[in-house]
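Hi,

I'm passing a structure on to you, and I hope you enjoy looking through it. Please open it first and then read my notes beside it.

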Amino acid sequence: MAHRIITQVVITGSRVVGRAFAEAYKQASASSQYARAQAKAGNNTTTFSHGGMTLEEACKILNVKPPQQGKTDLENVMDRFKKLFDVNDPQKGGSFYLQSKVLRARERIEGEVRKAEELAAREKELNEGWKPNVYKDR
C-alpha cells in the first residue's frame with residue numbers, strides 16, 4: 001500500500017515539474033522571438049549603456065534641457081547635480097537611492113555630450129583632412 005502512494009506522489013510530481021519546464025520553454029521562446037523581431041525593426045530598447053536610464057529621464061531628474069546637437073550647458077548640469085547630490089546625502093537624512101540616480105543622470109548627460117563631441121571632431125577631421133604636426137630639425 002505504501003509503495004502505491006509513493007509511486008503516485010512521484011508520478012504526480014514529475015508531471016508538475018514537466019509542465020513547469022514546458023511552460024518556461026514556451027515563454028523563453030516567445031521572448032527570444034520578440035527580441036529578434038525588435039532587433040530587426042531597429043528598436044533595441046533592451047540595452048542601455050547607463051543602467052537603463054534614458055537621456056530624457058536623466059534630463060528630468062536634473063531638471064535641465066536635453067542636449068541639442070550634442071551641446072548643452074554643462075555648467076548648469078553640474079550646478080543642478082551638486083545641489084541635488086548634496087540634498088540627498090544619506091548622512092544629512094537624504095536617500096542613497098536618489099543620490100545614485102542623480103549621479104547616473106549626470107553621467108548619462110555627460111556621456112551623450114562627449115559622444116557628440118567625438119563625432120563632431122571626427123567629422124571635422126574628415127572634412128579638413130589629417131594634418132600631422134611636422135617638426136623640422138634645425
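This is a predicted model: local features need pLDDT of at least 70, side-chain atom pairs count only at pLDDT 80 or more; totals for chains, interfaces and linings use all residues.

Residues are numbered from 1 along each chain as its sequence is written, and side-chain values use heavy atoms, with hydrogens and water left out.

Let's begin with helix α3 (residues 74–87) and helix α4 (residues 96–128), which pack at an angle of about 170° with their axes 9 Å apart. Helices here are DSSP runs (H or I, at least four residues), numbered from the N terminus. Axes are lines fitted to C-alpha atoms over the stretch in contact, and angles run from 0 to 180 degrees between N-to-C directions. The angle makes α3 roughly antiparallel to α4, a term for angles over 145 degrees. On the α3 side, the residues that meet α4 are Leu74, Val77, Met78, Phe81, Leu84 and Phe85. Contact means heavy atoms within 4.5 Å.

Next, the axes of α2 (55–62) and α4 come within 9 Å and cross at roughly 125°. That makes α2 oblique to α4; oblique covers the angles left over once those under 35 (roughly parallel), over 145 (roughly antiparallel) and 65 to 115 degrees (roughly perpendicular) are taken out. From α2, Leu55, Glu57, Ala58, Cys59, Ile61 and Leu62 meet residues of α4, including Lys101, Val102 and Ala105.

Which residues make up the largest nonpolar core? There are twelve: Met53, Leu55, Ala58, Cys59, Leu62, Val64, Val77, Phe81, Leu84, Val102, Ala105 and Ile109. A nonpolar core is a set of buried Ala, Val, Leu, Ile, Met, Phe, Trp, Tyr and Cys residues joined through side-chain atoms within 4.5 Å. Two or more residues of this core come from each of α2, α3 and α4, and α2 gives the most, with four.

Two residues are worth a look on screen. Not counting residues up to four places away in sequence, Val77 touches Leu62, Val64, Arg106 and Ile109. Arg106 is found in helix α4 and is buried, with a relative accessible area of 17% (buried means under 20%, with a 1.4 Å probe and protein chains only).

Best wishes

Methods
Buried means under 20% relative accessible area, exposed over 50%, partly exposed in between (1.4 Å probe, protein chains only).
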